[in-house]
Amino acid sequence: MNLLFIAWRNFRYRALSSFLTTLSLMLGVGLVVMVMAIYGIISEAFVRNAAVGYNLVVGPRGSALQLTLNSVYYLSQPIENLPYTEYMEFFPAEERAKMVREFGGDPKLGERDGVYAGFVGDGYAIPLALGDYFGEFRVVGTIPDFFEKLRHGPEVDQPFTFREGRALETYNEENQYFECVLGSRVAAQSGMKVGDVMNPTHGDPEGKGHGQGFTVVGILAPTGTPNDRAVFVNLEGFYLLEGHAKPIEDDAVITLPERDPDDTRPPLLMIPEREVTSILVRNGNIMHAPGMQNRINESGRAQAAAPIGEINKLMSVIVGPLLSALLVITLITCVVAAFGVLVAIYNSMNDRRRDIAVMRALGARRGSVTWVILFESLIIAIIGGAAGWLLAHVAIYSAGTFIEQQTGVQVGLFSVSQFEWLLLPFVLVLSLMAGIVPAMAAYRTDVGSNLSA
Amino acid sequence: MLTIENLIKKFQQPGGGELTVLDVPKFEIASAEQVALIGESGGGKTTLLHLIAGMLSATSGSIRVDNIELTRLSEQGRDRFRAATIGYVFQTFNLLPAFSAVENVKLGMTFGSGRVDSERALDLLDRVGLAERANYRPNQLSVGQQQRVAIARALAGRPKLLLADEPTANVDPASADSVLDLIIDSCRSESIALLMVTHSMDVADRFERIERLEDINRIPALKQS
């Protein structure tokens, strides 16, 4: 029979008090673990959502964070738009000339390589056009390359897959330029399916409709990225919506597009009429990214932002401190719970002074009875801490499907966040400190007077 | 076995000053001897037992138990001495309520050598007639049974001197005899010296040697100064 066993028996003997004290510590620890887990999930979700295959977002000059928020997360308002010619700067002369022939515009545009074409190399530049909504969800005008070239997942190696249907096409006989793809959450929330028609509104969720719908041709499988809550429409169809054409300036030099006389397709917007909100760029050689970023930022016409850098700034400046404050508050609840341990044990000291005196009479040293009390405090800490940890993990694991749907972050039953391993030693030390006051009372217990009482 | 010489014990009084409760010029008990100490309430009997057990320290004088001078020991030394040498039976039993009967007996061993002999604990409970109630908690035992467990616990550490403080005062007359028999017989069979404090002449008459506190203590009961 050792001191730990004696402490355990005391713990069990005062079952209700022990249970309530342990419960309060368990809830405190559970709360801290959950906040830590949420902290980890949010951090991971932010960072992984920023890592979607491209390394730079190019947009109008202004706030780099705002550019990242509206182009990567589809949050906040777009800053402004860039002329389509800025997008053309990412392509070599041959492709630029093809664009001029296809859409119509200044022929000189096709006579030179784009300023940033050399930096892009084997990479890609994908345009986004924002501004319309489908209910609360953002409508994103883009090109089929969006689905072919972008990747997601923890290793940024998973291509987009379709739960139903296919990717949008630039043009086909059936739907012409008006095809769209729904993110998984949009489809789940709206109940729309392949074949339905999505009617976007202009400017904001309550804006007026364009009078032109897009046929749903595909529904994305969940990606755990902001793409789950976006509607992707064909960029050419987006341009053709009412009010989306930029007025042509009087001095604009335009060569009309080359069209086959038998071509029955509706005419597309010409290059001076086109704008993009942002451009997602992946450099073929990642070493070229800083140079290109500097070149764009020095151009005075646009800015290039690295999404991961911006998100890390957001995390460290706003989200991080908020979560840290939350963590501190929950740690304080742990301290309060530990204080409860102190109060509970200390209050029981009046009842057990005689027991301690009896143990002393049986030969127990002052140090031994002190350790019995400290061990009791430790038992509460270990059981409360372990139960709280387990409770939090079971709770998080139970919400795993929801968390994965919302953030794409998979949580296992025993997924441990960054500083979680420090929690149990912290609780043990805290409880030991809480046990010191009653333990000292035990240490000072006078044998003679308590046995005579 | 026990030799007390010129023992004085004084307590500090709350209002200042000192209260002398014991002044014992000479008192001895031989090995395996059984002594009944009778005296009036408030005469200092329990204080004397606490001093012999090392639970209190003497103001002056000498207490030697088994050739160990208690007054020279530190508190830790007295704890060790008590665990190894003394068995103590309280008037109010003082069983620990969180522990079963057998665990209470084992507690008597824990603080001595630290080695717990489960077989001896069960054997002792068997000797006091409670083998079948070894796992009962104190509140599940009658008063007489609780005192039997307390006796088994006092014997658990194989003491050389058993101090019993009115062990029959709180048990019914029918149980008192058997408790007394148990203490006397157990000490005899294990050659343990016994000093039992009592105010009952019926109890004291069972002993081969009876001492009156007023004969060994110069401080009269209730007139201590």
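Leaving aside residues up to four places away in sequence, Q158(A) is in contact with R151(A), H152(A) and G153(A). The model examined here is a predicted one, and in it Q158(A) belongs to strand β6 of chain A, which covers residues 158-159.

In chain B, an open sheet is formed by four strands, which are arranged in the order β2-β1-β4-β5 with antiparallel pairing. The edges of this sheet are taken by β2 (18-29) and β5 (68-69) of chain B, each of which pairs on one side only. Strand β1 (residues 2-12) of chain B is joined to the antiparallel strand β4 (residues 60-65) of chain B by five bridges, and E5(B) is found opposite S62(B) in β4(B). Helix α1 of chain B, comprising residues 45-53, lies across β1, β2 and β4 of that chain and runs at about 115 degrees to β1(B).

Between the two chains, 24 residues of chain B are in contact with 18 residues of chain A. On the side of chain B that touches chain A, at least two residues are supplied by each of α1, α2 (75-85) and α3 (101-110) of chain B, with α3(B) providing the largest share, five residues. By residue class, this side of chain B consists of 13 nonpolar, seven polar and four charged residues.

How values were computed: Residues numbered from 1 in each chain as written. Chains lettered and ligands numbered in written order. Predicted model: local features only at pLDDT ≥ 70, side-chain atom pairs only at ≥ 80, totals over all residues. Pairing = 2+ DSSP bridges. Contact = placed C-beta atoms within 7 Å. Axes fitted to C-alpha atoms, helices over the stretch in contact; angles between N-to-C directions. Nonpolar A, V, L, I, M, F, W, Y, C, P; charged D, E, K, R; others polar.
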